[in-house]
Amino acid sequence: MNKTPINAHYLFTFAQDDMEDWDGIRTALAVARAGTVSGAAAALGVHHATVIRHIDALEDRLGARLFQRHPRGYTLTDAGRLLEQSATAADARFAQLAAQIAGAAQRIEGALTVTALPGLTQRIMPALSALLAAHPALRLNYTTDARLFRLETGEAHVAIRAGARPSAPDYVVQPFGQTQVRLYASPQYLARHGPADDLAGHLFVLPGEEGSGAPFMRWIEANLIQPETALISNDSSALLQAIRQGLGIGFLEIDQAEGLIEITSREEWISPLWLVTHVDLHRTPKVQAALAALKGEPLTD
C-alpha cells in the first residue's frame with residue numbers, strides 16, 4: 001500500500017513526472033464525477049477501454065484502490081475520495097497556470113531578440129526604437145552577425161537576412177526590401193591616391209571570412225584576383241571608420257555613407273532582404289508588433 005499522502009501538491013508534482021500520470025488523474029476525476037466508465041469516456045471524448053486502462057495504471061502507480069467496481073458503476077474508496085479532493089485542487093492549479101501562460105503570451109512584453117546583418121543598424125534601429133517606446137515592457141536583444149541564427153532553437157524571434165529566400169519549412173518569410181551596397185571612398189583617400197577609375201590600383205577595406213558570401217565580395221573575387229587590402233575586419237564599425245579615415249575604399253549601405261564619395265555601384269551587388277520568423281512564434285503579439293514596426297506599419301498599444 002502506498003503510504004504517501006494524496007494531496008494537491010503531491011498530485012501536481014506527481015503528474016509532472018509523466019504526462020500519462022496526469023491523464024490518469026484527469027480520467028479518475030472524470031470517473032468520480034460521472035460515476036461510470038461510459039460517462040467518463042463521453043466527458044473526455046475517449047473510448048471506455050482507455051478509461052479503464054488509465055484507472056488501472058494509476059492505481060498500480062499509487063499502490064491503492066481508488067474505486068470499488070460494481071455492476072452499476074464505480075464508487076470511490078477512501079483513497080479515491082482523497083484523490084477526488086486533491087485532484088480537483090490540482091486541476092484548478094493547472095487551469096490557473098494555463099490562464100497565466102495564455103495571458104503572458106498575449107502581452108507585448110519580455111525579451112525580444114532581433115538579428116540582422118552588420119550595416120543595417122541605421123536602417124532598422126529607428127523602427128525598433130519606436131517599438132520600444134510604444135511597448136515599454138519589451139526588452140530588446142539586438143545582435144548583428146553574418147552567421148545565420150537558428151530560429152527553431154530560439155536563438156532569435158525575428159531575423160533579417162539577405163540573399164536567396166530562406167527555404168526552411170518552418171520559417172515564415174516576408175520581403176524586406178534590398179541592400180543598397182555601393183563602393184565608397186573618403187575625400188582624404190582620393191586626395192592622396194587619386195581617382196578610383198582603375199580599382200586594381202587602390203587599397204580596399206573588406207570584411208573577413210564571414211562576409212565572403214556577400215555579392216560584392218563574390219564580385220571582388222571574380223574581378224580582382226589579389227586586391228590590395230589596408231584592413232580586413234569582422235567589425236562593421238571598424239570598417240566604416242577605416243573608410244572614413246581614408247585607409248582604403250570599401251562597401252557600405254547608402255545610409256552609412258554620409259560625407260563619403262561614391263566610386264561605383266553595380267546591379268549584381270544588390271541583394272534582397274527578408275524578414276524571417278518561426279511558424280511557432282510568428283503569430284504571437286510580441287513578434288507581430290516587431291514585424292509591424294520593421295515594416296513601417298502603425299503601432300498599437
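In the predicted model, buried residues make up 42% of the 301 residues in the protein chain. The chain exposes about 16,200 Å² of surface, and carbon and sulfur atoms supply 52% of that area. Its secondary structure comes to 10 helices and 12 strands. Among the contacts with a separation of 6 or more, 71% are between residues 24 or more positions apart.

The largest nonpolar core has 23 residues. Those that touch the most other members are Val 31, Val 51, Ile 55, Leu 58, Leu 66, Phe 67 and Leu 83. Two or more residues of this core come from each of helix H2 (19–34), helix H3 (37–44), helix H4 (48–62), strand E2 (73–76) and helix H5 (78–105). Of these elements, H2 gives the most, with seven residues.

Five strands form an open sheet with mixed pairing, in the order E9-E8-E10-E7-E11. Strand E9 (228–233) and strand E11 (261–264) are the edge strands, each of which pairs on one side only. From one strand to the next, the twist averages 45°. Helix H8 (residues 215–223) packs on the sheet and touches E7, strand E8 (203–207) and E10. The direction of H8 makes about 135° with that of E8. Within the sheet, E7 and strand E10 (residues 249–253) run antiparallel and are joined by four bridges. Arg 182 stands opposite Leu 252 in E10.

The loop between strand E6 (171–178) and strand E7 (181–185) holds Thr 179. When neighbours within four places in sequence are left aside, Thr 179 is in contact with Arg 123, Ala 162, Glu 253, Trp 269, Ile 270, Ser 271 and Leu 273. One of these contact residues, Glu 253, belongs to strand E10 (residues 249–253), the strand that four bridges join to E7.

Technical notes
Residues are numbered from 1 along each chain as its sequence is written. This is a predicted model: local features need pLDDT of at least 70, side-chain atom pairs count only at pLDDT 80 or more; totals for chains, interfaces and linings use all residues. Side-chain values use heavy atoms; hydrogens and water are left out. A nonpolar core is a set of buried Ala, Val, Leu, Ile, Met, Phe, Trp, Tyr and Cys residues joined through side-chain atoms within 4.5 Å. Buried means under 20% relative accessible area, exposed over 50%, partly exposed in between (1.4 Å probe, protein chains only). Contact means heavy atoms within 4.5 Å. Accessible areas come from the Shrake-Rupley method with a 1.4 Å probe; for residues, only the protein chains shown count as cover. Two strands pair if DSSP finds at least two bridges between them. Axes are lines fitted to C-alpha atoms, for helices over the stretch in contact, and angles run from 0 to 180 degrees between N-to-C directions.
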